[in-house]
Amino acid sequence: MNSFKRSSILFFVLWAACFSAKAQTDTLSVNTIINKTGKYLSTYPEEKIYLHFDKPYYAVADTVWFKAYVTENLNLLSKISKIVYVDVINQKDSLIQTVKLPLVDGMADGNFPLDQINYAQGNYHVRAYTKWMLNFENPAFFNKTFYIGETIDKELKTHITYKNTSTDKQQQISARIQFKDTNDKPYANKAVTWQAVTTYTIVDKGRGTTDANGYLTISMSADQDAEYQLKNGNLNTSLKISDISVANSSFKLKNAIVSEDIQFFPEGGVLVADIPNKVAFKSIKSDGLGVDAKGSVVDESAKQVTTFTTQHLGMGSFEFTPEAGKTYSAKVTFSGGSTKTVKLPTVSAEGSVLHIDNSNPDHLVVKISSNKSFLDKNKGKKVYLIARSKGVICYGAQTSLAEPVYNTTIPKIKFPRGIAQFTLFSEDGKPVSERIVFVDHKNTLALNISTPLTSYGAKKKVKVNIVAKNDTATVKGNFSVAVVDETKVPYNDDREATILSTFLLTSDVKGYIEQPNYYFDKPDEKKVENLDLLLLTQGYRSFNYSDILADRVPEIAFFPEQGIEVSGVLRMANGIPVRKGQLLLTIPDKRYRQELTTDPVGNFKFSNLVLNDTSKVTISAKYNPSYQNMVLTLKGNAYPNVGRNFNGPDEVLNIDSTLTTYLNNSKKQYGYLHTLKDVTVRASAKPKPSHKDYSALSGLSQLADHEINGESLKGCNVLINCLQGMLPGVTFVDNNFYITRDYNAGNRTPMGIFYNGFFVDVSSLGSASGDNISSVEVFLKDDLGTVNRINNINGVIVINQKEKPKGQRITKAQLLDMLPKNYQLTFSPQGYDKSRTFYVPRYDVPANLNRNDLRTTVYWNPSVVTDAAGKASFEFYNADGKGKYKVVVEGIDDNGDVARGVYRYIVK
């Protein structure tokens, strides 16, 4: 394998004595395919990214620690880009923050705190990319789902289960929710209002009361036409904890309506008549996860041809020989009892099938089968077999068609470890059949992790030793290390995205992969077989031979970033570019200056800037004649659109119950954040806004019948949705508010709504946010009757907005100084995020032993480098937690081989 790494491209042209020797005029030679593909791969190398995180999930107030590995062809650490971007995106597909880091030798380490302002309990996903990757269709961005729990100032814990009892005409969903306080005591006999909502519509709503164990069952219904809306909506609940306190929760409805589907994938891509075909299949639920299924394949006369059943995560395969002119269907029964009939792909009357047997540990067995129609039509013509992996051509062969079946074996040593794409071409260079396989090797980079002892005491020092080997040779490599208290951070390792699963699997194939680390954690014959099934059902990522052979190349809009750049144009006020204009860039906090002159059309670009995300940059043209008539314009930066989370199936519906152990520890760890500081009031309190401020409401009583404090509306994005279940004595029906007692008595006169003293329609509240509300006053009676009579209403709801801050007078000179100067720009470009060092406490000082240590991540080190002997070691102190501690080491060596090692020890 190492000999492969030392070569950029290897060509293997295979000739067999039994092949036909008739002379043919080549439309396209195998060397042409190899040369064009090789040139493309070397000219447009593909970057891939992996982020190693310290743990799989977090709580608000934690800090997320990670290391980025960026590779290129042959999985070598990238020398292409020098900047990597890491985006954090919430469950509503909104960008929360972007971390920008400098890459050194293809690696970077960073972190981001989960502060209480920007983060709340929920599912999030991280994506990482370089600007160079934006040039290509379907680039291998790193994507990972992680979830965050919350314990700070929390009043409510929930757990929800769905049951779908839908019919052909209507969607029927039952949701059973348990409400508990943070001490796991059920909220018994509490009033709950609920709404099933989409972005624009309330699909269903209602109210109920929890039972003695805090449970409430909610029945929702919607027309079949509203199914899509319901799947993309939320179930919002408001539980009345007390007369002045309401706790709101929101649950995704995408998993409430469960349906199953199945797809069939012929090996090689096409179902070919009259020869044996292997067909893989994948059955999934609407949440994207695999589901067990079984069934039979029948022809158009309902004659059974074969049977099938799933063997791993909804995947399986079967073989049969389809007949020309016939159509086939699969009758499927899913594990939940539902059934479905699905048509198999259309049978091609002529063609070839590329079959690869990957069961032998040393070589691949390749078989090319052609049916009689294809062989008769193409006899004597050449076919080519090309294989590529990790950005290089690894194998090439050609032959003339003379026999219906050709067999050959290919040593696996000719391929790097990972996905290999085999493509069978016709003589004119058109792909006929394609297959991807996973090539593994006996001797791969391995990590031996050990400690002098198998068990330690709390707060005791631990030394961990690492030895990196490839076969028997020691290896120099760069690794990242995370040590967690596994008792507090339990997790199924099969679900984890690791350096192995990312660089060797998910970065090369399309679509969501369930439990990616399953295939790499102690692989055996069964896992190898299941991995081959996965590749039979997943498409190859973004590589099109047709475009390459037609010399269609990607349009390069973004060159690899070598550092931070600021670019723009200098023009005169009349729009004429300034040629050879003098510009000065300064970064005061870095004591940095850079001068340049514009090009003939006024363009400028300051390169290789080093600045933090908080740095201010000034560019000035005032050193030019007539500078006051000049205008500086900056060019914007391009970023990828924020799309849906491709790893959405990894999201967790019930975070409270999933993270119970972790959040119980976080509650103790961040208990100090509940403490309120003493505040000394030195001035009289300013009256808060109320109905008494408006003459139109002067006829109302001095005191409202009910008042809702604005604090209980905090975080309410759509005010109308929150008010519907919060106003005592008020009913919301048909988009109007009514006094409940009068409505029940038959009075259908709606209440009036006054927003800052103005009489408004209910629809006006659709754009109002609860964050701007000081209070809501409810008047169930109008003693004088003046407000009711004038506005033809029955009852009044007064919404008082928070008072807007008043400005201060400034002088004309101050105003002119604040106005922007066209010839000078001061701005804060996105610089590098400041690096922080993971805090490692020391307990060799007696005074420190009395401190409570509730850490879950006990040690994080993003830069552990093995020496020439392949060895490295590090030390740290345990926390107070007792039980299993888990050491995870991941990294890459100089040859591009990746490794992951897991080691556990006991703390007593």
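Student: In which strand is Ala175 found?
Tutor: The model is predicted, and its strands are numbered from the N terminus. Residues 170-180 make up the strand in question, and Ala175 is found in β10.

Student: Is Ala175 buried or exposed?
Tutor: Buried means under 20% relative accessible area. The relative accessible area of Ala175 is 0%, so Ala175 is buried.

Student: What separates the C-alpha atoms of Ala175 and Thr161?
Tutor: Along the chain, Ala175 and Thr161 are 14 residues apart. Thr161 is also one of the residues that Ala175 touches, when residues up to four places away in sequence are not counted. The separation of the two C-alpha atoms is 5.8 Å.

Student: Which residues touch the most other members of the largest nonpolar core?
Tutor: The largest nonpolar core has 96 residues. A second, separate core has 26 residues, including Tyr456 and Phe876. In the largest nonpolar core, the residues that touch the most other members are Leu51, Phe112, Leu505, Tyr519 and Ile619.

Student: How far apart are the sulfur atoms of Cys716 and Cys722?
Tutor: A search of the whole structure finds one disulfide. Cys716 and Cys722 form a disulfide, and their link is right-handed, with 110° about the S-S bond. The cut-off for a disulfide is 2.5 Å between cysteine sulfur atoms. In the pair Cys716 and Cys722, the sulfur atoms are 1.9 Å apart.

Student: Why does Cys722 count as buried?
Tutor: The cut-off for buried is under 20% relative accessible area. Cys716 counts as buried at 5% relative accessibility. Cys722 counts as buried because its relative accessibility is 17%.

Student: How many residues apart are Glu267 and Arg435?
Tutor: The side chains of Glu267 and Arg435 meet in a salt bridge, at 2.6 Å from N to O. Glu267 is in the loop between β16 and β17, whereas Arg435 is in strand β31. Both Glu267 and Arg435 are buried. The pair links distant parts of the chain, 168 residues apart.

Student: Is Lys377 buried or exposed?
Tutor: Lys377 meets Glu350 in a salt bridge of 3.3 Å, N to O. Glu350 lies in a loop and Lys377 in helix α4, so the pair ties together parts that are 27 residues apart in sequence. Glu350 is partly exposed, with a relative accessible area of 31%. Exposed means over 50%, and at 55% relative accessibility Lys377 counts as exposed.

Methods: Residues are numbered from 1 along each chain as its sequence is written. This is a predicted model: local features need pLDDT of at least 70, side-chain atom pairs count only at pLDDT 80 or more; totals for chains, interfaces and linings use all residues. Side-chain values use heavy atoms; hydrogens and water are left out. Buried means under 20% relative accessible area, exposed over 50%, partly exposed in between (1.4 Å probe, protein chains only). Helices (H or I, at least four residues) and strands (E, at least two) are DSSP runs, numbered from the N terminus. Contact means heavy atoms within 4.5 Å. A nonpolar core is a set of buried Ala, Val, Leu, Ile, Met, Phe, Trp, Tyr and Cys residues joined through side-chain atoms within 4.5 Å. A salt bridge is a side-chain nitrogen of Lys or Arg within 4 Å of a carboxyl oxygen of Asp or Glu.
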